[in-house]
Amino acid sequence: MIKKWLIQFWGDLRTSADAGLLGVARFVGLLYGPIDRNLRIDEAWRKALRYRLAEHVGWRHALGGITYVLLMVLVVTGVLLAFYYRPSVEEAYPSIQHIVSEVSFGWLIRDLHVWCANLIVVVALAHMARVFFEAAYKPPREMNWIVGLALLAVVLAFGATGYLLPWDQWAYWTVTEVLDAIALIPLFGGLLADAIRGDVIASGATLSRFFALHVIVLPWITLALVSYHFTLIRRRGLAPPMTAADEGGRKWRVSGMWVDEEPTGGRPFFPNHLLRSFAVAVLTLAVAVTLAILFPRQVGEPANPYLVPDELVSTWVPVDVSLALIRFTGTWGLALFSLLGVGLILLPVFDRRPERGLRQRPVAVALGAVFFVGFLAAWLAGQQIRSVPPTARPQPDVVGAGQVQEVPLPDLGPTPPIPNPEDVGREP
Ligand code: HEM
């Protein structure tokens with residue numbers, strides 16, 4: 001019976017004239033080249049598999065693919081987490097406790113999610129650095145550079161909104177500090193912080209907003225951006241190797257010689273490049289699982305807006321970077337660094353000359369180096385920060401050392417009750 005269905009299904013596919021179905025295979029990375037929509041689906045499939053990549057495409061071109069694999073792992077683990085997570089002030093923290101201590105392999109799924117959220121930032125930045133230093137952002141690929149930066153912003157927004165979801169003390173007070181810093185930016189800072197927070201302090205309203213952005217808004221934006229990113233890569237082709245001049249055109253290296261025409265030779269996509277991508281994907285997954293098992297993400301105490309914690313433990317790379325910028329350079333440092341990041345959008349607008357060598361574009365290279373080195377330095381510095389925000393601490397003479405430190409906040413009513421984690425999932 002099953003065999004008959006399979007034969008029937010395959011027959012239907014073969015007779016289908018719509019090769020658009022192959023777009024799915026292309027989106028998940030099984031096909032790279034153009035799809036001939038005039039052919040039958042099986043012939044179009046075979047033709048697409050015969051596609052050859054230029055000879056210079058190597059391991060460094062796997063960075064974009066690794067970013068994509070991490071994104072897919074985040075989607076899968078995120079959906080699994082959403083089966084159990086409850087986005088309310090009362091239930092968020094206990095539901096996380098339930099996931100890590102009672103749900104089968106819940107701890108692994110959660111730690112995989114947290115680790116991949118870190119790895120994707122590092123790998124996406126490495127991919128961006130590869131594109132930047134090889135000047136692959138220059139025309140005709142400037143649009144893809146901008147789409148890539150939008151993707152980076154989305155990846156950061158995913159992490160920032162997800163960071164609050166466990167609703168523990170570390171997440172609560174870190175988000176509070178970053179929002180306070182944003183509020184200090186002149187002109188629009190206050191409005192922006194209020195819009196994100198949705199309340200006078202981080203509260204259930206903030207949690208709902210972050211959750212909605214994290215699981216509804218951002219995934220749709222990501223789908224659109226990734227599809228567009230991949231379409232542009234195929235339309236414009238990968239940037240040719242770095243040569244002295246690449247005026248709107250391509251110079252390809254074939255058997256040690258530079259030629260102007262894209263070679264018919266090069267590296268076959270199937271099976272060579274596909275196997276290489278597969279090896280990279282397996283390796284990435286292995287690294288993520290190993291890190292998740294060896295270094296699980298801890299959970300702090302339940303969030304309490306009235307109690308400043310004794311220490312902050314950061315679990316996401318950009319949090320280290322932001323805290324370092326806020327503590328060591330102030331709000332202006334955070335704003336200027338973000339501006340430098342946003343300024344990279346304009347890079348292909350100003351840097352349009354065909355030269356791609358590092359020495360031929362010193363200003364762009366210097367600005368890029370400041371960005372990447374600055375990020376790395378702030379990351380290292382941020383890892384040392386374990387204290388609570390100084391502004392949130394009351395004066396030393398108000399409370400004795402070692403005592404619980406009450407923050408002088410306005411009276412906002414009683415603290416919401418924090419249910420016992422063991423009650424989660426049980427009928428009332
Ligand atoms: C979720 C994030 C991202 C994913 C999944 C992704 C995926 C990819 C893939 C698979 C490729 C082709 C292989 C390669 O060159 O590595 C690529 C190329 C490219 N990406 Fe990304 N990327 C992401 C973020 C970025 C960022 C942050 C930038 C830059 C700001 C960027 C700019 C580009 C450009 C310009 C190319 C063409 C490179 C060339 O022609 O050599 N991408 N991307």
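Two residues are in contact if their C-beta atoms, placed from the backbone, lie within 7 Å. The model is predicted, so local features need pLDDT of at least 70 and side-chain atom pairs count only at pLDDT 80 or more, while totals for chains, interfaces and linings use all residues. Residues are numbered from 1 along each chain as its sequence is written.

**Exercise 1.** Determine which residues Arg 236 is in contact with, leaving aside its neighbours within four places in sequence.

Solution. Begin by locating Arg 236 in helix α10 (residues 204-236), where helices are DSSP runs of H or I with at least four residues, numbered from the N terminus. Next, with those neighbours set aside, the contacts of Arg 236 are Pro 140, Arg 141 and Asn 144. Finally, consider the distance along the chain: Arg 236 and Asn 144 are 92 residues apart, yet their C-alpha atoms are separated by 9.2 Å.

**Exercise 2.** Decide whether Arg 236 is buried, exposed or partly exposed.

Solution. A residue is buried with 20 or more other C-beta atoms within 10 Å of its own, exposed with 12 or fewer, and partly exposed in between. Arg 236 has 15 such atoms within 10 Å and is therefore partly exposed.

**Exercise 3.** Describe the shell around the ligand.

Solution. Of its 26 residues, Gly 64, Ala 136, Gly 148, Leu 152 and Ala 239 come nearest, a residue being near if its C-beta atom, placed from the backbone, lies within 6 Å. Turning to the helices, α7 (142-164) is among those that supply at least two residues, and α7 gives the most, with seven.

Key
Nonpolar A, V, L, I, M, F, W, Y, C, P; charged D, E, K, R; others polar.
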